[in-house]
Amino acid sequence: MNFYVTSGTPDYMEKLIEKNAKHPLILLHGNGNSVVLHESDKKSIFAVPRKFEVIAQKGQFEQKGFFTFYNMPIMSDDRPVFEEKALNTLSLLDSNDAVIAYRLLRPIKEETYLFITQWGGPVSYEVWKNSTVYVERFAPLFESKAAALQSMFNSPSYITTYSAPPKE
């Protein structure tokens, strides 16, 4: 399955959604910009998408809630090791009812992996982020906090957050 992300101003992204109403798109607003998500086994409908392959998933993204994007620039030689560790770590989220959906995405032309999670709201995410499981098992890999793993990152990982306005 392919996954596409495009970004721009809120107004432009809302017009993009309106023009492509027949496609299952998710509109997200963040600090100063907006993104649109499109999951499909076909080509992207976006003019300039970031292209990914879905390598792990849970649930279906919905037009509501709170989204987190973990951006992880992984060196090409370390991709298999990173993916194996990530897939093993994601089982920690499979039983978490607060997670509506997630996708672990392998970049097609870039170096930055993307891990997107959808939560009911920011409080659900903060509870998870403050949990022992997150601090001890999840953060070391997805936030490149473990010294042994830092060498596989081209640059520091970072997290961006977005909210999804419910459909009218």
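The largest nonpolar core here has 25 residues, and Met72, Phe115, Phe138 and Phe142 make the most contacts inside it. A nonpolar core is a set of buried Ala, Val, Leu, Ile, Met, Phe, Trp, Tyr and Cys residues joined through side-chain atoms within 4.5 Å, where buried means under 20% relative accessible area, exposed over 50% and partly exposed in between, with a 1.4 Å probe and protein chains only. This is a predicted model, with local features needing pLDDT of at least 70 and side-chain atom pairs counting only at pLDDT 80 or more, while totals for chains, interfaces and linings use all residues. Residues are numbered from 1 along each chain as its sequence is written, and side-chain values use heavy atoms, with hydrogens and water left out.

- A second, separate core has 17 residues, including Phe69, Ala101, Ile116 and Tyr162.
- Leaving aside neighbours within four places in sequence, Phe138 is in contact with Tyr70, Thr89, Leu90, Leu93, Phe115, Trp128, Val133 and Glu143 (contact means heavy atoms within 4.5 Å).

**H2 against H4**
- The two axes come within 10 Å and cross at roughly 150 degrees; axes are lines fitted to C-alpha atoms, for helices over the stretch in contact, and angles run from 0 to 180 degrees between N-to-C directions.
- H2 and H4 are therefore roughly antiparallel (over 145 degrees; under 35 is roughly parallel, 65 to 115 roughly perpendicular and the rest oblique).
- On the H2 side, the contact uses Phe82, Lys85, Ala86, Thr89, Leu90, Leu92 and Leu93, and H4 brings Val133, Arg137, Phe138, Leu141 and Phe142.
- That contact sorts into nine nonpolar, one polar and two charged residues; Ala, Val, Leu, Ile, Met, Phe, Trp, Tyr, Cys and Pro count as nonpolar, Asp, Glu, Lys and Arg as charged, and the others, Gly among them, as polar.

**H3 against H4**
- H3 (residues 122-129) and H4 (residues 132-142) pack at about 70 degrees, with axes 6 Å apart, which makes H3 roughly perpendicular to H4.
- Tyr125, Trp128 and Lys129 of H3 meet Val133, Tyr134, Val135 and Phe138 of H4.
- Six of the residues in this contact are nonpolar, none polar and one charged.

**Val127**
- Val127 sits in H3 and is exposed, at 56% relative accessible area.
- Val127 and Glu110 are 17 residues apart in sequence and 32 Å apart in space, C-alpha to C-alpha.

Methods: Helix = DSSP H or I, 4+ residues; strand = E, 2+ residues; numbered from the N terminus.
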